[in-house]
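Please keep the sequence and the three-dimensional view at hand while reading.

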Amino acid sequence: VIDRSVGGSGLPELVDRLQPLVDERMAGGPWSDAAAERVRRLRDHLLGHIRVRIRSLDAPLVVLIVGPTGAGKSTLFNTLAGRPESATGVLRPTTRIAVVLVHPDDREPLLDGTLAGVDRDRLRLADEPRLPAGLALLDAPDLDSIEHANRRLADRLIEAADMGVFVTTATRYADRAPWEVLRRIRDRGLPLVVVLNRMPSDPDEQREVLDDAARLLAEAGLRDATTGDAEAAIEIIGVAEGDLDGAREALSPVAVASLLERIAVLRDDQDARRALAGRALVGALAGLGPLVDAVADDCEHEAIDVAATQRLARTAFNRELAALREALAGGLFLRQEALRQWQAYVGADEITRLFSRGIGRIRGLISSMFRPSRPPVAEIRDATSEDLTAVARHYASEAARATAVAWADVPAISVQVRKDASLWTASADFDSHLRARLDQWIREIGDDIQATGATKRMLARGASIGVNALGTGVMLASFIHTAGLTGAELGVAAATAFVNQKLLSALFGEAAMAELVARARTRLADVLTETFAEQEARFTAVLPSPAALTALAHELRDVADELRYLPVGVADLQELLAGARSSGPSEP
Amino acid sequence: MSARPPGPWPPEIPKPPPSDRDLPAWASATGAHIGRCLDRLDEVMSFAAALGVPVEGAASVRDDVLARMGFPADVYTLAFVGGTGVGKSSLLNALAGESVSATSVRRPTTDSPVAWVPGSARSQLAGLLAHLEVREVREHADEGLGQVAILDLPDMDSVEPAHRERVEALLPRVDAVVWVTDLEKYHDAVLHDAFLHRWIDHLDRQLVVLNKADRLTVDDAERVRRDLQLDMDRLAGGDGTGPGVIITSAIREGSLGPGVGAVRRWLAEGVDAKAVVRSRLAASLVNTIESLAIVTGVDPGSEVKPLLDADARARAADQATASVLRVVDMAGAESQAVAATRARARSTGGGPLGRVSSGVYRLIGREAREADPGAFLARWRERGSLSPAVDAITEAVTEPIRRAPDAVRPALLAVVDPERLEVGLAAATDRAIAEHGPEVPTSRVWPLLGSVQSAVTAVLGLAAAWLVLWIVIRFQVNEIAVPVLGQLPMPLVILLLALLAGLLVGRLLAFHAGWLGRRWARRLASDLRHAIGLEVADTAFASLDWVESVQRGVWTAARAAREECGERRRS
């Protein structure tokens with residue numbers, strides 16, 4: 001249906017590409033209110049206007065009446081409708097729903113197109129057979145009352161409009177609240193008519209108010225978009241106080257004659273409607289690129305914010321992991337009882353006595369008679385795992401708490417973080433996961449010893465001590481080590497380290513032992529890193545992915561660029577419209 | 001980690017300096033004593049500051065109050081606040097019966113405040129008006145209006161943001177307000193959300209004027225008025241105490257439209273200016289105190305809720321105590337205690353052989369290792385770390401941190417500083433152990449048994465010597481007559497009997513020592529458990545208790561403020 005749509009321009013394809021991107025962005029829940037507002041606007045605009053218009057310029061043309069509460073929107077609407085259709089009243093705000101005057105045939109297209117996604121409870125469609133198919137009159141609720149839902153509905157309808165009628169009063173024309181809506185109308189290049197109700201009766205005062213209102217509109221950059229003249233002023237229709245057609249809850253038709261006339265032209269002339277629709281579409285397309293760009297900007301900014309938030313967690317977990325490593329390094333977390341047991345087992349060995357003199361030698365001799373017959377492997381492993389887990393859990397909880405407290409100050413996720421108690425400490429499965437990893441770590445030490453021993457020709461004694469006991473020795477050596485001091489007068493950790501090292505180096509040789517211990521240490525570091533990463537991931541799961549946001553921004557920018565170079569401009573549309581005029585409204 | 005409070009812990013709560021303010025006489029009266037209200041605010045501010053809650057807003061209210069008290073209160077200030085075009089200036093002109101403030105159809109009209117004051121009070125008001133930065137002042141000689149300076153303010157909803165800023169800067173400093181609105185604007189979001197909602201509680205004398213009622217029938221106008229009155233009551237707490245709503249008509253200069261008379265009467269009704277100023281200051285102070293209390297997590301309207309409920313607290317303390325006891329190892333301590341008692345019994349009641357074995361055990365260090373409960377307990381650090389105990393407490397305290405108001409959270413986070421907690425728990429454990437320093441029990445029976453044992457040993461020695469001698473001599477000399485007990489030689493019998501006696505006495509000693517030792521060990525363990533439990537409970541929540549005591553301080557001051565400054569409604 002080339003003549004009545006812009007189907008051949010590549011625009012529908014672009015819009016089809018844009019739609020899922022916008023949906024994705026909406027689903028992601030933008031972090032800032034402003035960003036949420038922009039993407040909401042883009043979605044409404046795509047859904048309520050652009051998609052409808054590129055399908056057909058003959059889709060019902062939407063004339064929207066907006067304005068502050070109590071300005072007389074419904075009264076004007078009734079005037080245009082020629083009957084009391086929208087309730088007027090003294091309690092503010094009066095209208096909490098949007099009333100739509102529509103030809104019966106246009107009901108479905110309107111609900112499926114322009115008004116798609118609007119809550120049906122907030123719409124009332126009134127059939128008007130006198131109106132031709134292709135023209136709909138909408139009365140929006142207010143923009144500025146304490147009913148904030150009214151503002152949201154009006155914002156949605158603005159995105160769908162082809163022409164705006166802004167109703168205000170002599171009291172309200174300088175109010176701040178509605179100007180955002182007026183600016184949106186300006187940005188979209190929509191034709192706008194301003195109706196100033198409740199004008200003072202004095203002609204001089206009327207002039208003064210009209211001039212002042214015109215000045216404000218001009219200062220805000222609002223121009224009449226219907227004429228070719230870029231500087232043309234907006235038409236302002238002043239309605240004097242009390243100029244009412246009381247019986248119909250309407251204004252006197254004479255007062256708004258020029259507006260009625262404009263509506264009448266649209267009613268009677270399909271070409272005029274099509275021209276208006278085309279102009280609205282051109283304006284919409286001109287504004288679409290920048291809007292998409294703005295949403296892409298939001299995505300990029302949010303990616304930066306998300307990354308910064310992630311960094312808060314990363315910093316906390318890295319800091320606590322480093323603190324944990326430090327706490328483990330000296331072996332201070334090991335209970336000395338376990339070390340003493342190990343020292344009693346290993347230290348009684350003759351190897352030690354070779355390095356002792358005098359009384360130490362004799363003491364060694366005596367204590368070797370009391371030497372435990374069985375290496376205390378299981379006890380030491382259990383004690384080590386248990387202590388290590390407790391210490392690690394402690395630091396992981398610290399990291400979680402620090403992150404949760406920091407994140408509770410990030411507005412976008414604050415509620416979620418505060419609600420989720422599990423985020424505030426290490427997770428419940430922390431202990432079991434770490435214990436499993438530590439068991440695996442100890443098994444790997446055993447494997448490593450067997451591999452090393454096979455090539456090294458292990459001492460017969462080493463073989464008799466057993467791989468398990470050697471593994472325990474290597475495990476302890478990865479926490480405690482001493483730099484060549486005799487352990488006699490140092491603490492139990494250093495003493496145990498001393499005899500432990502002597503045993504291991506006697507069995508494996510100095511170099512091989514060092515490598516064994518270094519490998520065990522590296523693997524332990526990996527175990528801890530992995531466990532902390534798992535804890536941190538619980539936090540990262542709360543956030544959107546910065547990479548996905550950046551990718552989304554990228555795709556949005558691609559679409560925005562293509563929109564900018566789309567071979568559809570005013571001229572093309574004029575051409576399309578001209579074509580439409582010559583071929584007439586032939587096919588549906 | 002958040003900033004930890006520096007210095008000793010818990011930090012001292014700074015006491016506000018004793019108030020020696022030089023207050024005007026009008027500021028103190030039964031019902032609302034501004035000096036005392038200020039003291040309460042100072043208290044709450046110092047508590048809040050100790051919790052790290054920002055108090056700048058409260059300080060500025062305090063400054064405004066102090067500034068207001070520097071000016072006379074014989075005349076109070078009343079501001080007309082409302083949107084553009086609702087007729088603030090017209091209302092003033094109608095009250096005055098002449099043009100006081102310029103009106104116009106251009107919006108917005110008034111851009112700087114205009115004051116309308118009784119001529120008699122002009123000079124007295126000069127300082128206050130200058131303080132409020134009101135430069136345009138008009139006089140009147142109408143004595144019927146009461147001692148009031150009416151300020152016609154600019155609008156707060158037009159495209160001129162500077163107008164709204166002026167209104168917001170003046171609102172905290174005026175004594176009373178008339179909210180002016182009209183049939184179009186009475187439900188505007190800006191009026192309700194940004195002004196009424198925020199200020200109704202901070203003011204005492206206020207009125208709502210619904211203008212331009214002549215656009216409607218009398219009945220309709222009354223319907224709108226009731227609608228708005230309902231809103232006002234709701235805002236003020238729903239108990240029908242909201243500011244009254246008066247309907248007025250669009251007013252032309254010089255004509256007293258319907259309703260303007262009512263406003264006039266409201267202005268004139270037996271109002272004491274000093275009371276107005278005092279109530280306003282009190283309302284402002286009480287509400288500032290209450291808002292600050294809410295920010296610190298305290299609701300002055302109800303009881304103080306503990307940060308951590310008693311159950312959770314007891315659970316965490318039990319868990320921590322159990323963890324500490326596991327490290328201290330009570331079973332180990334008990335067996336050491338029994339061994340120590342036995343060792344002592346051995347050395348006093350074991351006879352010469354007992355002494356020898358005691359000496360050997362001491363030499364190889366077995367006694368120090370296995371029979372010294374004091375040293376064993378003191379070495380608790382070697383048997384594990386307090387991490388699990390610390391974690392039990394930090395995890396319990398995490399819950400209140402999570403639920404805390406934002407402003408208090410950093411202070412609470414500092415509370416769960418695990419290092420400080422660990423040091424505290426370790427000290428507590430040491431303290432408990434030191435207090436129950438084990439004194440190994442002894443018994444008078446032991447030396448007795450010892451002498452018996454010694455005697456038995458001597459007999460044993462003699463019998464052995466006799467036996468040896470007998471054997472040696474028997475082999476050298478052919479035969480020597482030896483007393484024979486039945487078929488057995490006497491020395492052998494004595495030897496066996498002595499051995500049996502020694503064994504029996506030894507058993508008796510061991511049995512007695514074991515019984516005594518176990519009894520002592522049990523007592524020691526239960527004392528220690530109890531002491532550690534108490535110490536842990538004390539230490540674990542010391543910081544939380546500190547925060548709670550600060551909060552209780554806030555609550556007490558806020559309650560006192562309610563009493564002393566008059567009960568105020570809260571939204």
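In this predicted model, Ala79(B) stands opposite Leu151(B), a residue of strand E6(B). Ala79(B) also has a bridge partner in strand E7(B), namely Val177(B). These two pairs of residues belong to two strand pairings. Strand E3(B) pairs with strand E6 of chain B, residues 148-152, in the parallel sense over five bridges. With strand E7 of chain B, residues 176-182, E3(B) likewise pairs in the parallel sense, over five bridges. In general, the strands of a sheet pair through backbone hydrogen bonds, either parallel or antiparallel.

Is strand E3(B) mostly covered or mostly uncovered? Seven of the seven residues of this strand, which spans residues 76-82 of chain B, are buried, and the strand is thus mostly covered. In a regular strand the side chains alternate between the two faces of the sheet. In E3(B), Tyr76(B), Leu78(B), Phe80(B) and Gly82(B) point one way, while Thr77(B), Ala79(B) and Val81(B) point the other way. The residues of both groups are buried.

The confidence of the prediction may be considered next. E3(B) has the highest confidence in chain B, at 95, whereas strand E10(B), residues 484-485, has the lowest, at a mean of 66. The average pLDDT of chain B is 85, and 92% of the residues score at least 70. Over residues 1-7 of chain B the pLDDT stays under 50, and the model has eleven contacts for this stretch beyond four places in sequence. The pLDDT is also below 50 over residues 567-571 of chain B, a stretch with 24 contacts in the model beyond near neighbours in sequence. Where pLDDT is low, the predicted coordinates should not be read in detail. For the complex, the predictor gives an ipTM of 0.79 and a pTM of 0.80.

Chain A contains an open sheet of seven strands with mixed pairing, in the order E3-E2-E4-E1-E5-E6-E7. Its edge strands are E3(A), residues 123-127, and E7(A), residues 235-240, each of which pairs on one side only. From one strand to the next, the twist averages 20°. Within this order, strand E2(A), residues 98-102, and strand E4(A), residues 135-139, pair in the antiparallel sense over three bridges. Val99(A) stands opposite Asp139(A) of E4(A). Helix H5(A), residues 148-158, lies across strands E1(A), E2(A) and E4(A). The helix runs at about 145° to E1(A), which comprises residues 61-66.

Helix H15(A), residues 430-456, contains Arg437(A). Why does Arg437(A) count as buried? Its relative accessibility is 17%, and the cut-off for a buried residue is under 20%. Not counting residues up to four places away in sequence, Arg437(A) touches Val527(A), Glu530(A), Thr531(A) and Glu534(A). With two of these residues, polar contacts join the side chains: the side chain of Arg437(A) contacts that of Thr531(A) at 3.1 Å and that of Glu534(A) at 2.9 Å.

Definitions and conventions:
Residues are numbered from 1 along each chain as its sequence is written. Chains are lettered from A and ligands numbered from 1 in the order in which they are written. This is a predicted model: local features need pLDDT of at least 70, side-chain atom pairs count only at pLDDT 80 or more; totals for chains, interfaces and linings use all residues. Side-chain values use heavy atoms; hydrogens and water are left out. Two strands pair if DSSP finds at least two bridges between them. Helices (H or I, at least four residues) and strands (E, at least two) are DSSP runs, numbered from the N terminus. Axes are lines fitted to C-alpha atoms, for helices over the stretch in contact, and angles run from 0 to 180 degrees between N-to-C directions. Contact means heavy atoms within 4.5 Å. Buried means under 20% relative accessible area, exposed over 50%, partly exposed in between (1.4 Å probe, protein chains only). A polar contact is a pair of N or O atoms within 3.5 Å; within protein, one must be able to donate a hydrogen and the other to accept it, and residues adjacent in sequence count only if both atoms are side-chain atoms. pLDDT is the predictor's confidence in each residue, from 0 to 100.
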